[in-house]
There are 2 protein chains.
Amino acid sequence: MRNLIFLKIGGSLITKRKPYTLNLKKIREIAKEIVSLRRKYKFKLLIGNGAGSFAHVSAKKFKTKKGYINEKSKIGHCIVEDDASTLNRILVKELIRAGERAISVQPSAFIFCSKRKIKSFFLEPIKNYLKNDLVPVVFGDVISDEKLGCTILSTEEIFKFLAKFLRPKKIILMSDVEGVYDSKGKVIPEINKKSFSKVQKFLKGANKIDVTGGMAHKVKEAMEMTKGGIDVFIIGGKKGNLEKCLKGEKIGTRISF
Amino acid sequence: MRNLIFLKIGGSLITKRKPYTLNLKKIREIAKEIVSLRRKYKFKLLIGNGAGSFAHVSAKKFKTKKGYINEKSKIGHCIVEDDASTLNRILVKELIRAGERAISVQPSAFIFCSKRKIKSFFLEPIKNYLKNDLVPVVFGDVISDEKLGCTILSTEEIFKFLAKFLRPKKIILMSDVEGVYDSKGKVIPEINKKSFSKVQKFLKGANKIDVTGGMAHKVKEAMEMTKGGIDVFIIGGKKGNLEKCLKGEKIGTRISF
């Protein structure tokens with residue numbers, strides 16, 4: 001879709017460090033910003049939110065990514081899914097309140113895995129939402145897995161998968177860092193296939209409780225997303241950044257093939 | 001599945017009449033009862049919850065069942081889906097707290113309609129949950145519709161559809177009435193194909209704000225569910241009723257083919 005943007009809202013932006021606490025002020029600011037930008041620039045939008053201090057904590061406790069590894073894994077599966085959905089639901093509610101036609105779409109209901117690989121899926125609802133200019137809101141979720149019992153797919157992994165079918169124009173990953181930092185702590189403006197391997201060595205986990213792997217994971221997934229000619233941007237969450245990125249101004253780190 | 005029970009928990013049991021108010025005491029009582037019965041009788045379970053004073057109110061306001069009929073329909077779609085999901089999420093959280101391996105499965109993410117008929121669907125996650133003895137919890141939801149934009153499928157309609165593929169042993173519809181009442185207000189113990197048309201004339205809407213049609217709808221859907229040889233029971237929500245129904249004691253109204 002020519003006019004489609006994927007926007008990830010990092011969990012670290014919308015939650016506070018203390019487990020299960022929200023940054024409601026930031027959620028509301030982002031919601032307002034999205035509504036006003038959509039009115040101004042008339043683009044279609046798919047949002048994904050990270051887990052922040054909600055599901056990352058429980059997912060780490062139960063090692064949910066590894067599947068059913070002990071007698072606590074199944075209740076862990078349920079708790080982590082509930083934590084992930086709960087944050088998503090709060091975000092969707094605030095988007096609606098701000099005037100956005102936002103609608104939650106639960107990844108664990110439309111994706112099925114086998115040994116962490118997506119085996120089957122169902123995209124008709126999302127496609128129809130986008131056709132009608134609704135804003136589907138997905139999230140990193142616990143996915144049912146025929147071999148492991150369950151696993152976790154991060155928001156980036158879900159974006160990578162959805163990008164193949166929905167072909168967004170741009171993917172924007174907005175988080176609490178201003179982009180990908182080099183070894184001196186400066187934002188790297190551009191990463192492409194050539195520079196990727198050099199950059200990788202500077203990458204560290206952005207957040208120690210991020211079970212899905214932090215910045216190293218983000219950039220690896222972003223690099224894969226670019227394969228279809230889609231540019232990926234890693235930007236900070238400061239108000240105004242999103243508009244700059246939409247307008248094509250230099251901001252954060254641009255990752256291209 | 002020989003050992004599978006579908007249980008609908010009526011929205012009227014778990015919410016109060018005032019819009020968006022919960023009957024949390026009842027939710028917790030039912031959650032405890034389910035956990036203890038599952039331990040005692042070792043059956044597999046799929047739960048569906050009604051909308052009660054949550055989504056019925058907004059669905060009526062926006063006429064969401066009819067689809068995109070005016071300029072408010074799309075935001076209505078989002079609000080009604082959010083209301084329906086919110087109540088489901090509260091129920092799932094309480095089931096988990098009571099010790100049940102309950103997991104929400106959002107119908108709008110795995111069902112797609114065309115003119116209110118289910119056109120395509122995705123059942124792998126639910127099937128895998130049941131295989132692993134998790135308890136999927138579905139709900140009456142706003143479903144994306146390729147012709148209408150959106151529509152509503154009630155919990156009963158979703159049960160009817162799922163029953164075809166999952167073949168439960170028994171379907172139990174638990175609500176704030178003790179069964180199907182006759183013209184004198186007495187519970188009719190049995191309805192079958194023969195007596196169905198006679199019974200229908202006594203049926204009135206159970207709840208004026210129920211957008212999905214009240215008791216008349218319930219019995220019609222129940223009659224259709226029995227076609228595969230599955231017995232459907234309409235019972236009251238009093239503590240102890242569920243156990244009686246599971247044990248095969250006479251309770252409420254039994255609907256069979």
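Is Glu249(B) buried, exposed or partly exposed? Glu249(B) is partly exposed, at a relative accessible area of 36%; buried means under 20% relative accessible area, exposed over 50%, and partly exposed in between (1.4 Å probe, protein chains only).

The legends below describe a predicted model, in which local features need pLDDT of at least 70 and side-chain atom pairs count only at pLDDT 80 or more, while totals for chains, interfaces and linings use all residues. Residues are numbered from 1 along each chain as its sequence is written, chains are lettered from A and ligands numbered from 1 in the order in which they are written, and side-chain values use heavy atoms, with hydrogens and water left out.

**View 1. The interface of chain B and chain A.** Contact (heavy atoms within 4.5 Å) involves 41 residues of chain B and 41 residues of chain A. The two chains bury about 3300 Å² between them, 59% of it on carbon and sulfur atoms; buried area is the accessible area (1.4 Å probe) that two parts lose on being put together, summed over both. Six salt bridges are counted between chain B and chain A, a salt bridge being a side-chain nitrogen of Lys or Arg within 4 Å of a carboxyl oxygen of Asp or Glu. Asp82(A) and Arg89(B) form a salt bridge through their side chains, at 2.5 Å, N to O.

**View 2. The side of chain B that touches chain A.** Elements that give two or more residues to this side include helix H4 (73-97), strand S7 (117-121) and helix H6 (124-131) of chain B. Helices (H or I, at least four residues) and strands (E, at least two) are DSSP runs, numbered from the N terminus. H4(B) supplies the largest share, 13 residues. By class, this side has 18 nonpolar, 12 polar and 11 charged residues; Ala, Val, Leu, Ile, Met, Phe, Trp, Tyr, Cys and Pro count as nonpolar, Asp, Glu, Lys and Arg as charged, and the others, Gly among them, as polar. In H6(B), the buried residues are Pro125(B), Ile126(B), Asn128(B), Tyr129(B) and Leu130(B). Asp133(B), which follows H6(B), has a positive phi, near 60°.

**View 3. Surroundings of Cys78(A).** Cys78(A) belongs to helix H4 (residues 73-97) of chain A. Cys78(A) counts as buried because its relative accessibility is 1%. Leaving aside residues up to four places away in sequence, Cys78(A) touches Ile96(B), Arg101(B), Ala102(B), Ile103(B) and Leu134(B). Cys78(A) and Val142(A) lie 64 residues apart in sequence and 8.5 Å apart in space, C-alpha to C-alpha.

**View 4. Phe110(A) in the nonpolar core.** The largest nonpolar core has 150 residues, of which Phe110(A), Leu162(A), Phe110(B) and Leu162(B) touch the most other members. Such a core is a set of buried Ala, Val, Leu, Ile, Met, Phe, Trp, Tyr and Cys residues joined through side-chain atoms within 4.5 Å. Not counting residues up to four places away in sequence, the residues that Phe110(A) touches include Val105(A), Phe121(A), Leu162(A), Ala109(B) and Phe122(B).

**View 5. Helix H3 of chain A.** Eight of the 11 residues of H3(A) (residues 52-62) are buried, so the helix is largely enclosed by the rest of the structure. Among them are Phe54(A), His56(A) and Phe62(A). The buried residues of H3(A) pack against helix H1 (11-14), strand S2 (15-16), strand S3 (21-22), H4 and strand S10 (149-153) of chain A. Lys63(A) follows H3(A) and has a positive phi, near 50°.

**View 6. Salt bridges within the chains.** Over all chains the structure holds 38 salt bridges. Glu221(B) and Lys160(B) pair through their side chains at 2.9 Å, N to O. This pair links distant parts of the chain, 61 residues apart: Glu221(B) is in helix H9 (residues 214-225) and Lys160(B) in helix H7 (residues 155-166) of chain B. Glu221(B) is buried, at 3% relative accessibility, whereas Lys160(B) is partly exposed, at 24%. Lys247(B) forms a salt bridge with Glu249(B), their closest N and O atoms being 3.6 Å apart. In chain A, Arg38(A), Glu100(A), Arg101(A) and Asp133(A) are linked in a salt-bridge network.
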